[in-house]
Amino acid sequence: MLLCAGLLRTMTPSDRSRRMIFNTFTDSQTTGVTEWTSWFNIDHPGGNGDYERLEAIRFYYRERVCARPTAMEARTTDWVAAADTGEVVHSSLEKGFWCINKEQLHGRVCSNYHVRFQCPPVQSYWTDWSEWGPCSTTVCNDVGIQVRQRKCVSAQPMPLLFVPACIGHHAERRECSTPPCTAKWSPWGPWGSCSVTCGGGRRTRRRNCVRTSETVQCAGRPAEIQKCGRSPCPARCQLKCTKGHPSEDCSTCMCVGHVLFGDIQAANGVPVAAASVALTSHPKVIRTLTDMKGQFALSGVCSSSSTLITISKEKFVPVVVSTFSNTTGISWVRAVLKSAEKPYIVKHPEDKVRYEGGRVLLCCSATGSPAPDKFYW
């Protein structure tokens with residue numbers, strides 16, 4: 001009986017020129033009592049050759065071959081030893097046996113081989129390691145332990161107490177870690193309905209912060225607000241007039257044939273020319289201007305306690321006067337404009353320190369005559 005003990009050498013071109021082919025199997029050098037496995041034939045010669053790989057044999061015949069064979073024997077299915085076939089073959093106790101067609105002389109193809117292995121007698125052995133188990137911690141950005149196990153299996157039909165135990169540990173542990181803690185926004189939700197149908201309103205959309213720990217936060221805001229409903233609403237005048245009728249812009253009551261005269265002077269008695277005259281309800285709509293004598297005439301405006309007139313001019317403090325009713329169709333108003341006082345700051349913002357992303361409120365105050373109604377930073 002001839003046993004393969006090592007890698008069979010492949011012929012070089014000079015070797016192939018010889019009539020004798022060196023394809024030698026040497027006797028295995030084993031000590032002690034050993035056992036042969038059954039014969040294995042997992043591959044049949046194809047386009048490339050015949051391959052009896054040890055890895056494939058272990059895959060199809062689990063636990064039938066020991067972990068470290070001491071020798072190997074290869075024969076053809078016609079029971080011809082590999083060394084006697086005259087074919088160039090290869091073998092290794094780590095890889096198995098293989099024969100490649102293109103290495104053979106004169107266009108020969110590899111025979112169909114089967115192999116067996118010599119192993120020391122085993123009464124108990126370890127199974128393969130299991131897969132690593134889950135990490136002992138589920139908290140993000142944490143460190144835990146993973147465990148994998150194997151079993152000691154007896155190959156002899158003897159009571160467990162008489163079977164030698166396997167050498168080694170049945171379990172292994174290693175350190176494991178969980179992914180870092182994360183906080184990410186979910187996609188924006190749809191926009192909600194507008195708060196109004198006309199005249200300008202707002203609508204809102206929201207998103208959620210998806211996080212793996214309470215220790216992390218999403219950067220940004222969970223809600224967005226957008227203007228909507230900007231189309232003007234249909235005009236509906238709610239003004240009720242005890243005299244006359246509402247104007248087209250619903251700003252005041254109009255009385256046909258009624259004239260309001262006015263006399264505007266400065267504090268020193270000098271007439272104020274080019275002063276603007278407007279209804280207080282619509283101060284931006286200039287109805288008329290005073291003449292060189294500081295006088296004006298405004299027709300169509302009803303004279304009632306609810307009608308207020310605003311008189312204004314640059315460098316003067318605006319003044320609001322009311323009209324008075326009479327039965328003649330003519331009304332008079334008089335007003336004195338005081339010189340404006342340039343506004344000035346009476347309170348400056350205080351220095352403040354906040355963390356980045358935090359909110360801060362800076363306050364200031366100013367006075368003057370008239371009192372400022374707008375502040376620019």
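User: In this predicted model, which backbone oxygen does the side chain of Gln104 reach?

Analyst: The model is predicted, not an experimental one. Gln104 sits in the loop between β5 (96-100) and β6 (113-119). From there its side chain comes to 2.9 Å from a backbone oxygen. That oxygen belongs to Ile100.

User: Is Gln104 buried or exposed?

Analyst: The cut-off for a buried residue is a relative accessible area under 20%. Gln104 has 8% relative accessibility, so the residue counts as buried.

User: Which residues does Gln104 touch, leaving out those up to four places away in sequence?

Analyst: Gln104 lies in the loop between β5 and β6. With residues up to four places away in sequence set aside, its contacts are Glu87, Val88, Cys99 and Cys110.

User: How many disulfides are there?

Analyst: A disulfide is a covalent bond between the sulfur atoms of two cysteines. Here a pair counts when its sulfur atoms lie within 2.5 Å. By this rule the count is seven.

User: How many residues apart in sequence are the parts that Cys135 and Cys176 tie together?

Analyst: Cys135 and Cys176 are joined by a disulfide with an S to S distance of 2.0 Å. Cys135 is in the loop between β7 (124-126) and β8 (143-149), while Cys176 is in strand β10 (residues 171-177). The pair therefore ties together parts whose separation in sequence is 41 residues.

User: Where does Cys181, the partner of Cys140, lie?

Analyst: A disulfide joins Cys140 to Cys181, with 2.1 Å from S to S. Cys140 is in the loop between β7 and β8. Cys181 lies in the loop between β10 and β11 (183-185).

User: What is the handedness of the disulfide of Cys140 and Cys181?

Analyst: Handedness is read here from the torsion about the S-S bond, which is about 90° for Cys140 and Cys181. The disulfide is therefore right-handed.

User: Which residue forms a disulfide with Cys209?

Analyst: Cys209 is partly exposed at 29% relative accessibility. Its link has 85° about the S-S bond and is right-handed. The sulfur atoms of the pair are 2.1 Å apart, and the partner is Cys218.

User: How far from Cys363 is the nearest cysteine sulfur?

Analyst: Within 2.5 Å, two cysteine sulfur atoms would count as a disulfide. Cys363 is in no disulfide, and the nearest cysteine sulfur is that of Cys364, at 7.8 Å.

User: Which residues have the most contacts inside the largest nonpolar core?

Analyst: In soluble globular proteins, nonpolar side chains tend to be buried together. The largest nonpolar core in this model has 17 residues. Elements giving two or more residues to this core include β16 (253-266), β19 (295-301) and β20 (308-312). The residues with the most contacts inside the core are Ile264, Phe296, Ile309 and Ile311.

User: How many residues are in the other core, the one with Met72?

Analyst: This other core lies apart from the largest one. Among its members are Met72, Ala82, Cys99 and Val115. Cys99 is also one of the residues that Gln104 touches. The number of residues in this other core is 14.

Note on methods
Residues numbered from 1 in each chain as written. Predicted model: local features only at pLDDT ≥ 70, side-chain atom pairs only at ≥ 80, totals over all residues. Heavy atoms only, no water. Helix = DSSP H or I, 4+ residues; strand = E, 2+ residues; numbered from the N terminus. Buried < 20%, exposed > 50% of the residue type's maximum accessible area, 1.4 Å probe, protein only. Polar contact = N/O pair within 3.5 Å; in protein donor to acceptor, adjacent residues only side chain to side chain. Contact = heavy atoms within 4.5 Å. Core = buried A, V, L, I, M, F, W, Y, C linked by side-chain atoms within 4.5 Å.
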